Amino acid sequence: MSQAPSVLFVCLGNICRSPTAEAVFRHKAAEAGLNVKIDSAGTHGYHIGKQPDKRSQAAGTARGYSFKGLKCRRVEESDFETFDYILAMDESNLSNLRKVSPEEYHDKIHLFLSFADSDHQEVPDPYYGGKQGFELVLDLIEAASDGLINTLKR
Ligand code: 4NP
C-alpha cells in the first residue's frame with residue numbers, strides 16, 4: 001500500500017500565509033476525498049507557539065475554513081526528509097529553504113503558486129497591510145490548492 005503524500009506549507013512567520021494554506025488545503029483535500037498529511041511552518045521563529053494571526057483567522061473563517069489547533073512552529077531539519085512537497089509562499093522563503101536544506105531535497109521545494117493558474121508567482125506577505133491583503137492571500141491559496149489537488153489526484 002502506498003503512503004499518503006505529505007505537504008508542508010512554509011512562510012516567514014507561520015502565523016498568516018502558511019497556516020492559511022494549511023487550513024484551506026486541509027478543507028479542500030477532505031472535500032476531494034484525498035488522504036494527505038498536511039502541516040505548516042515558518043523559516044523564522046518570531047511567533048513560536050502562537051495561534052495564527054487574528055486577521056488571517058477572521059478572513060479564513062468567513063470563507064468556511066477552520067484554524068482550530070494550529071500553532072506556530074519553525075521549519076526543522078527533519079522536515080526535508082519527512083515531507084514530499086515543501087511549498088514556499090514567496091521567493092524569499094524559497095531561497096531560505098534552499099539555503100538550509102541538504103541539496104538532495106531541493107527538488108521537493110517549490111513555490112506554492114507554481115500549482116496555480118495565476119499571474120502571481122508569490123503569495124504577498126499581508127502582515128503590515130490591510131484587510132484586502134488577507135483576502136488576496138486567500139484567493140491565491142485557494143487557486144493553488146485546487147491545482148495541487150489536481151496534481152495529487154493524478
Ligand atoms: P507570514 O507573515 O510569514 O505570512 O506568517 C508574517 C508574520 C510575522 C512577521 C512577518 C510576516 N513578522 O515580522 O513578525
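Student: Which residues does Ser 6 touch, not counting residues up to four places away in sequence?

Tutor: Ser 6 touches Val 36, Lys 37, Thr 82, Phe 83, Asp 84 and Tyr 85, leaving aside residues up to four places away in sequence. Contact here means heavy atoms within 4.5 Å. Please note that this is a predicted model, in which local features need pLDDT of at least 70 and side-chain atom pairs count only at pLDDT 80 or more, while totals for chains, interfaces and linings use all residues. Residues are numbered from 1 along each chain as its sequence is written, and side-chain values use heavy atoms, with hydrogens and water left out.

Student: Where does Ser 6 lie?

Tutor: Ser 6 lies in strand E1. Strands (E, at least two residues) and helices (H or I, at least four) are DSSP runs, numbered from the N terminus.

Student: What is the separation of the C-alpha atoms of Ser 6 and Phe 83?

Tutor: Those of Ser 6 and Phe 83 are separated by 5.1 Å, although the two residues are 77 residues apart along the chain.

Student: New topic: which residues surround the ligand?

Tutor: Among them are Cys 11, Leu 12, Asn 14, Arg 17, His 47, Asp 125 and Tyr 128. A residue is near a molecule if one of its heavy atoms lies within 4 Å of it.

Student: Which polar side-chain atoms lie by an oxygen atom of the ligand?

Tutor: One of His 47 lies 2.8 Å from a ligand oxygen, and one of Tyr 128 lies 3.4 Å from a ligand oxygen. The protein buries 92% of the 360 Å² that the ligand exposes when taken alone. Accessible areas come from the Shrake-Rupley method with a 1.4 Å probe; for residues, only the protein chains shown count as cover.

Student: What about Asn 14, why does that count as buried?

Tutor: Asn 14 counts as buried because its relative accessibility is 3%. Asn 14 is in the loop between E1 and H1, and its phi is near 55 degrees, a positive value in a residue other than glycine.

Student: Now H2. What caps its N-terminal end?

Tutor: Asp 53 does: a side-chain oxygen of Asp 53 lies 2.8 Å from the backbone nitrogen of Arg 55. Asp 53 lies in the loop between strand E2 (37-42) and H2, and it touches Ile 15, Cys 16, Tyr 127 and Phe 134, not counting residues up to four places away in sequence.

Student: Which residues of H2 are buried?

Tutor: In helix H2 (residues 54-62) they are Ser 56, Gln 57, Ala 59 and Gly 60. These buried residues pack against helix H1 (17-31) and helix H5 (131-153).

How values were computed
Buried < 20%, exposed > 50% of the residue type's maximum accessible area, 1.4 Å probe, protein only. Polar contact = N/O pair within 3.5 Å; in protein donor to acceptor, adjacent residues only side chain to side chain.
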